[in-house]
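Please read these notes with the model open beside you.

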Amino acid sequence: MRVLVTGGAGYIGSHTLIELLGQAHEVCVLDNFHNSRPVVLDRVRSLTNGKVTSVTGDVRDRGALDALMDDFAPQAVIHFAGLKAVGESQRQPVDYYDVNVTGTLTLLRAMDRIGCRRIIFSSSATVYGEPVYLPYDEAHPTAPLSVYGRTKLMAEEVLTDWARATPEATAVLLRYFNPVGAHASARLGEDPADYPNNLMPFIAQVAVGKRDELQVFGDDYPTDDGTGERDYIHVVDLARAHVAAVDWAESNTGARAFNIGTGQPYSVYQMVEAFRRASGHPIPLRVAPRRDGDVARMQADSRRAEAEMGWRATHTLDDMAASTWAWQSGNPDGYGG
Ligand code: NAD
Ligand code: UFG
């Protein structure tokens, strides 16, 4: 299928391009490189010998989208382009609603103009908010705790109404848990622009000597070792979920949400220990106060994705740590090196 990938130069998008090309899909990327670099696409090309066309542009730019739709005529769109930092979203809400919600609306209008009826959307487990029960299934109430989470939920609602009103339309809402890890080649990985917000890139920077110590945000949660537990998912498994979703969209209509996780949460200390094993380096740490807005535990029930899309995560915790370490140690300055 011809697949337009917005935000395809980003962390999850770049890994997804590899998996799509591996399944003989044709891809075209739209990215404004707000949080990525063009060299990422060169690396994808060199890893796949695949044809990756790309357009530098903003997902809110209707003119750029219309031109792209006319040239490439996608049969499906995977929509990664967006802003994703929870803390920043609290400080810059208008930017987040604009990129994440207006971006989605603009994209839908451009798709409608050419009759493109399939979209796969990057949503997040953050739409659930404080757990009422665990593991979260897709019927769990949605009550996001941040502006970021509300933009994701709002975009989901827009897509659901669009699919309801548009004959033959399919909107696949993938609710990712915590993506970590890197491509087996160690040529693609997560490259946070400045200070890493997330645990794994932070641990990796401590292991490689870029930062002195990890702050553990709270060791008094009601979990086995007192630190926060998350459902970490290897980015290659997550990328493969998008290929499964494209296939699913070919033979299904309507809007459908799918959790994309492993079902096996790990604590901060377990992640640190896995990283010590993988890297052979010490990870100095210090217990710090809890971080605002954090929940004790997140855990996915991903049985729907397995039953309906035939997708299941296969990578282990050690795969996540080893691939992150291979990427970080081989590219200490990320794509800037
Ligand atoms: P990323 O920042 O690495 O990738 C996003 C890409 O979109 C970047 O290449 C960026 O340059 C591009 N982009 C941003 N604004 C744009 C715009 N206005 N027009 C065109 N391109 C634009 O992030 P990621 O981790 O790969 O996440 C991809 C998607 O998945 C995001 O929508 C994010 O909200 C969602 N998501 C991520 C996580 C996570 O923890 N990484 C978890 C849940 C959901
Ligand atoms: N943590 C630390 N120290 C750090 C960073 C994180 O102890 O330096 C802890 C957190 O407190 C949490 C765990 O590690 O217990 C995971 O934190 P991350 O920041 O890696 O991930 P989050 O679960 O907080 O964030 C993820 C996504 C967001 C999404 C959010 C919703 O990255 O996009 O889930 O919960 F909004």
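1. A crossing of two helices is called right-handed if the near helix is turned clockwise from the far one by less than a right angle, and left-handed if it is turned anticlockwise. Helices are DSSP runs of H or I with at least four residues, strands are E runs of at least two, and both are numbered from the N terminus. By that convention, α7 and α9 cross in a right-handed manner.

2. This is a predicted model, in which local features need pLDDT of at least 70, side-chain atom pairs count only at pLDDT 80 or more, and totals for chains, interfaces and linings use all residues. Residues are numbered from 1 along each chain as its sequence is written, chains are lettered from A and ligands numbered from 1 in the order in which they are written, and side-chain values use heavy atoms, with hydrogens and water left out.

3. Helix α7 packs against α9 (residues 268-279) at an angle of about 40°, and the two axes are 11 Å apart. Axes here are lines fitted to C-alpha atoms, for helices over the stretch in contact, and angles run from 0 to 180 degrees between N-to-C directions. The pair is therefore oblique; angles under 35 degrees count as roughly parallel, over 145 as roughly antiparallel, 65 to 115 as roughly perpendicular and the rest as oblique.

4. Which residues of α7 and α9 meet? From α7 they are L199, M200, I203, A204 and A207, and from α9 they are V268, M271, V272, F275 and S279; contact means heavy atoms within 4.5 Å. This contact has nine nonpolar residues, one polar and no charged. Ala, Val, Leu, Ile, Met, Phe, Trp, Tyr, Cys and Pro count as nonpolar, Asp, Glu, Lys and Arg as charged, and the others, Gly among them, as polar.

5. Helix α7 (residues 199-207) also packs with α11 (residues 317-330): their axes come within 10 Å and cross at roughly 55°. That makes α7 oblique to α11, and the crossing is right-handed. M200, A204, Q205 and A207 of α7 touch M320, A321, T324, W325 and Q328 of α11. Six of the residues in this contact are nonpolar, three are polar and none is charged.

6. The axes of α1 (residues 11-22) and α2 come within 10 Å and cross at roughly 25°. That makes α1 roughly parallel to α2, with a right-handed crossing. S14, L17, I18 and L21 of α1 meet V40, L41, V44, L47 and T48 of α2.

7. Ligand 1 is surrounded by 27 residues, the closest being I12, D31, N35, S36 and Y148; a residue is counted if one of its heavy atoms lies within 4 Å. A side-chain N or O atom of S36 is 2.7 Å from an oxygen atom of ligand 1. A polar side-chain atom of N32 lies 3.2 Å from a nitrogen atom of ligand 1.

8. Around ligand 2 there are 18 residues, and the closest are L199, Q215, R230, R291 and D294. A polar backbone atom of L199 is 2.8 Å from an oxygen atom of ligand 2. F217 places a backbone N or O atom 2.9 Å from an oxygen atom of ligand 2.

9. Two backbone details remain. L134 and P135 are joined by a cis peptide bond with omega about -5°, and P135 is in the loop between β5 (118-124) and α6 (147-165). N49 is not a glycine, yet has a positive phi of about 55°; N49 is in the loop between α2 (39-48) and β3 (52-56).

Notes. Polar contact = N/O pair within 3.5 Å; in protein donor to acceptor, adjacent residues only side chain to side chain.
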